[in-house]
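Me: I'd like a close look at one part of this model, please. Could you walk me through it in one connected answer?

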Amino acid sequence: MTAEGTVNRAALPAIFNPDDLNALEQALRLKEQNPGSTVGVLTMGPPRAGEIIRQGLYRGADTGWLLTDRLFAGADTLATSYALATAIRKIGDVDIVIGGRQAIDGDTAQVGPQVAQKLGLNQVTYAEEILNVEDGKATIRRHIDGGVETVVAPLPVVITVNGSAAPCRPCNAKLVMKYKYATCPMERSAELDSRMEKLYADRDYLTLNQWSVADVDGDASQCGLAGSPTKVKAVQNIVFQAKEAKTLTASDADVESLIKELLEEKIIG
């Protein structure tokens, strides 16, 4: 944690959010079903988050964009959705935005719908599978409380995918070899040897897109900590310790004793 009560993400390893992997698989399937379409990976984080883009490229994505700027730091869901929406607007000409239902650090499931609202796009949540895209419409199967439903949404649309959807395919060995040196400029050391300099000069696809707040024409007051109304008062580490065990029978006396104890401890009632 930082002094401001925010997570120091630069000190953490970059991992691909599990639900976003399910979303990537749906995007890659659409690419296979619709020749000529492309898949791009958009993420926000410190320079090391370029690893997320590489993981997407290894699986079949075509390009990626990393939003990295100290002004993005400390973002809650509102500021995160603002940053992503401004980047998507800059990318432009996007038919479908697909993301995971929620992140594993916050579990709020708010960012996807907020992005849709900020962009003024249709949205479909809790998606299990994108069945078809044709005639300017997407047919999507959703898994919701009480069952499954199929909906049709006009494009462009924002879709958030459940973690119970099809898992993402593994990395492709040929793509790993192609993109293993792909990096954002901020990931590279200040001094590259001549071999790497030539490699990046000859293969422009190895330089990943890197955008700051200014690059996406963002309002700094709506980014990062400045644009985050959510404030964390305190964070505590809780260690669960073993408690005494109590064995009860099905007798009326034991059941009555348990109920009295729960009432006294204000667990029930």
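How many bridges join strand 3 to strand 7, and do the two run parallel or antiparallel?

Reply: Happy to. This is a predicted model, in which local features need pLDDT of at least 70 and side-chain atom pairs count only at pLDDT 80 or more, while totals for chains, interfaces and linings use all residues. Residues are numbered from 1 along each chain as its sequence is written, and side-chain values use heavy atoms, with hydrogens and water left out.

To your question: strand 3 and strand 7 (residues 157–161) are joined by 5 bridges and run parallel. Strands here are DSSP runs of E with at least two residues, and helices are runs of H or I with at least four, both numbered from the N terminus. Two strands pair if DSSP finds at least two bridges between them. Within this pair, I159 of strand 7 stands opposite I98.

Now for the sheet around that pair. It is open, has 5 strands in the order 3-7-4-5-6, and its pairing is mixed. Strand 3 (96–100) and strand 6 (147–154) are at the edges with a single partner strand each, so one side of each has no neighbour in the sheet. On average, neighbouring strands are turned by 40 degrees against each other, direction ignored. For such angles, axes are lines fitted to C-alpha atoms, for helices over the stretch in contact, and angles run from 0 to 180 degrees between N-to-C directions.

Helix 1 (residues 18–33) packs on this sheet, where it touches strand 3, strand 4 (122–134) and strand 7. Contact means heavy atoms within 4.5 Å. The direction of helix 1 makes about 150 degrees with that of strand 3.

Moving along the order, strand 7 also pairs with strand 4: these two run parallel and are joined by 4 bridges. Here V157 in strand 7 is the bridge partner of N122.

Strand 4 in turn pairs with strand 5 (residues 137–144), in the antiparallel sense and over 6 bridges.
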